[in-house]
Amino acid sequence: MAAKTSGKAGNAAVDESPAGMVKIYIMGKQYAVPEGLTIQKALEYAGLTLLRGCGCRGGFCGACGTVYRTEGDYKLKVALACQTVVEDGMYLTQIPFYPANKAIYDIEKLTPSLESLVQAYPEFMRCVQCNTCRKVCPQDIEVMQYMATAMRGDIAKTADLSFDCIMCGLCASRCPADTVQYYVGILARRLYGKYVAPEAKHLADRLGELDTGKFDKEIDDMIKMKQEDLRKLYDTRDIEPAEETTETEAVSATEAGTDK
Amino acid sequence: MANQPSTDPYPKHMREAIKKVEATRTRRMSEDFPVLSADDKASLLKKFHPDHKAGELVDIKVGPSKGEKSFKEIESVIQAYSRVDPKGFDLSKIDFDVDVLVIGGGGAGSSAALVANEAGAKVLLVTKLRLGDANTMMAQGGIQAADKSNDPPSQHFLDVMGGGHYHNFPELVKALVLDAPYVMKWLQDLGAMFDKENDGTYITIHGGGTSRKRMHAARDYSGAEIMRTLKDEVINKGIEVLEFSSAIELLKDEEGKCAGAILYNMETEEHFVCRAKTTVIATGGAGRLHVQGFPTSNHYGATADGIVLAYRAGAPFVFMDAIQYHPTGSAYPEQILGLLVTEKVRGLGAQLINIDGDQFVYPLETRDVVSSAIIRECGERSKGTKTLSDVYGIWLDSPMIELKHGKGAIKKALPAMARQYERCDIDMTKDPILIYPTQHYQNGGVKINADAESDVPNLFIAGEATGGVHGRNRLMGNSLLDILVFGRRAGKNAAARSKDTKAGKLSMNHVDTFHKELKSAGIPEDRISPALLPDYRRPETVERQKGQVPLSGRV
């Protein structure tokens, strides 16, 4: 780690943080920032304009994966910069991009099988179950577990367990076997969505109706209506009751699917 | 990663307020707040919706929508000068020569690129951040599609028109609702994992302003699921993508047709000329311009770049004076201020509660109505709950979801929401959360027809950058639908048109003409756009940066 810079370093940080301020190290260089800011806002407070390492600012896009350590601790930790508040003595570095291998495949030509996963990512079978990926995941996903289900060819379980992945790639960055967990995950999810989950019959029925132009006239008639008539139709339309949703309605895709 | 919950995440006065929410919860479980009459809605909107606040709208003095109005923050990028000198720029050297140029790498841009590629066009997709960095990624609630037997597309049509207060362009709405089931089929075929019952039936719920349960979701990662699937497919198809490259000006040919764009590498700051037979703009909205100082739920890149370019090229706007404030932006704690709390929370049964522990609005009115009611409750009626930082908010009673649907329902149906609050040590299954409206969506935008073409020939536009589909107020679940319906239409039509278009001589005369208009209207010459990124520098930083020259030397 870089030595502490002296004098008027960074944005004039000092050794003793003034009240309400904490000191952080952006890639080794010290800055003083107000406490309570997210890491992302702290970088901006320090004077940086972010191009890399900043996306949705809401925890969904995986652009701001951050590795950090706090003073006096040897342990490396991870966070999403947009979702994590700064702590005093944080040494920060962002990993906005990781050069992981993404396989190219034609989803139309695959089967929902172990073979498809292995063909795309033969290296993933080398997983040594060290659980580093699980520890590094900022989403707290059971990464190692879904690698295990993937190795068994259980597409549904792999899809389910990996579902909350935001594709930041931090798992792959720490993997001693060079596997690309997050890419195995999305392949499993696409295979599940396309081949394992049953097709929606009501959707197929509706497409059949649409192909015959069944609804065109109804809509064209509404388009021709005077606004006051359309308004009347809207104001008096019946609303499907928001009755108590059944147990299954609150559960998610794979759990409601064939993975039982 | 959640920090150790050591103390109560809520300060004492907020904890006291929560007790009132808890005290009335049992009673409220069976209490339905009445839906407002049409007249009451109209007067509520007129008095409390931010669009109607005096002094915020300014005149547009130049360009194809001259005489209309928009908000100060948007007007300041629309009526501004180019980042390049339109007369001094060398357009003779072509760096990229393609059939279809797609500007924007979100849901609309990616679907346009996929469909155009499928149709055999040579496609280049450029995006100023990473492929997939877009508001699409952040949409939690879901996507509407009328695909169940009790829900003909005409019912969807009626909901959209009423929700948009009948200002919508009916032909666009017709396209939206009739294409919707095809979009769901496309997503299913691509392997996007939407929530289904055992037999494959889509699980659908209500959204604000829907008359049928028509909202399809992928847990509360609906947009993320769509975006990561489309991104994966764009890469699989080998479509050429330039990341960290923005389009900063459109180009035209001798006949005035759109013919490509000037690209700007955001990292090396180099310019490139892209000649394209047809162009698709899919650059999204304007949340990061922070209209009226509101916080926003939007992505870092939402700075209205595409509409700036299209306007200079001669494409008029519609409804650029209609902004959607999402009723439930997070109001506490500070680090998630403005971030979205999905409408699905209300869809699953959580009510909106004031400081007295009472409801004051039916939670699934349209977004503009709910936002206005919250602003009234916190303002004129003084019934909001104050946070530490002088922000007022309303309680969203999330624990009701678990009471209605059983323990664990929030984790299953709203994992992203639960995680966001866990990171702040708040357990939304046990405690309500504080919300206030946040700038969410640009209802208006560039005018298009049902083929997704603007008034500038060969310039197609899709998604939030357009206006007309949603009238003056969009319903939940119709923007994920919009970007896919019109993204696909733009891709298809741009590819088809490129087949009978001959590449012409490139020019930026339209920009030069626009500059002259700006000058005679007295617009100050230091106004430059598109903005590309929001400016979050502190004034101290700006002051210290004065007089700098680039590190690599004087240009």
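Predicted model: local features only at pLDDT ≥ 70, side-chain atom pairs only at ≥ 80, totals over all residues.
## Domains of chain A

Chain A is divided into domain 1, residues 21-94, and domain 2, residues 107-196. Taken over C-alpha atoms, the centres of these two domains of chain A are separated by 28 Å. Domain 1 of chain A brings 11 residues to the contact, and domain 2 of chain A brings 8 residues.

About 650 Å² is buried between domain 1 and domain 2 of chain A, with 71% of it on carbon and sulfur atoms. On the domain 1 side, the residues that lose the most area to domain 2 of chain A are Gly62(A), Val78(A) and Leu80(A), which together account for 55% of what that side buries. Strand E3 (65-70) and strand E4 of chain A each supply at least two residues of the side of domain 1 that touches domain 2.

## Interface of chain A and chain B

Contact between the chains involves 92 residues of chain A and 96 residues of chain B. The size of an interface is often given as the accessible area lost when the parts come together. For chain A and chain B, the area buried between them is about 8,600 Å², and 54% of it is on carbon and sulfur atoms. Leu51(A), Phe60(A) and Phe163(A) supply 9% of the area that chain A buries against chain B, more than any other three residues.

Across the interface of chain A and chain B, the rule finds 10 salt bridges and 39 residue pairs in polar contact, both at pLDDT 80 or more. The elements of chain A that give two or more residues to the side touching chain B include helix H1 (39-45), strand E4 (77-80), helix H5 (155-161) and helix H7 (181-196). A salt bridge joins the side chains of Arg52(A) and Glu267(B), at 2.6 Å from N to O.

Pro241(A) is located in the loop between helix H10 (227-235) and helix H11 (253-256) of chain A. Its relative accessibility is 53%, so Pro241(A) counts as exposed. With neighbours within four places in sequence left aside, Pro241(A) is in contact with His206(B) and Lys213(B).

## Nonpolar cores

The largest nonpolar core has 200 residues, of which Ile24(A), Tyr121(A) and Phe486(B) touch the most other members. Helix H6 of chain B, residues 170-190, gives the most to this core, with 12 residues. Because domain 1 (21-94) and domain 2 (107-196) of chain A both give residues to this core, it lies between them.

Not counting residues up to four places away in sequence, Phe486(B) touches Leu172(B), Ala175(B), Leu176(B), Ile448(B), Ala450(B), Ala452(B), Ala462(B) and Val469(B). Another core, of 42 residues, lies apart from the largest one; among its residues are Ile18(B), Trp395(B), Ala413(B) and Leu434(B).

## A buried glutamine in chain B

Gln439(B) is part of strand E17 of chain B, residues 433-442. The relative accessibility of Gln439(B) is 2%, so this residue counts as buried. The side chain of Gln439(B) reaches the backbone nitrogen of Val291(B) at 2.8 Å. Beyond residues up to four places away in sequence, Gln439(B) touches residues including Ala286(B), Gly287(B), His290(B), Val291(B), Phe294(B), Ile323(B) and Tyr325(B).

Methods: Residues numbered from 1 in each chain as written. Chains lettered and ligands numbered in written order. Heavy atoms only, no water. Core = buried A, V, L, I, M, F, W, Y, C linked by side-chain atoms within 4.5 Å. Buried < 20%, exposed > 50% of the residue type's maximum accessible area, 1.4 Å probe, protein only. Helix = DSSP H or I, 4+ residues; strand = E, 2+ residues; numbered from the N terminus. Domains from an automatic or database assignment. Contact = heavy atoms within 4.5 Å. Buried area = accessible area lost by both parts, 1.4 Å probe. Salt bridge = Lys/Arg side-chain N within 4 Å of Asp/Glu carboxyl O. Polar contact = N/O pair within 3.5 Å; in protein donor to acceptor, adjacent residues only side chain to side chain.
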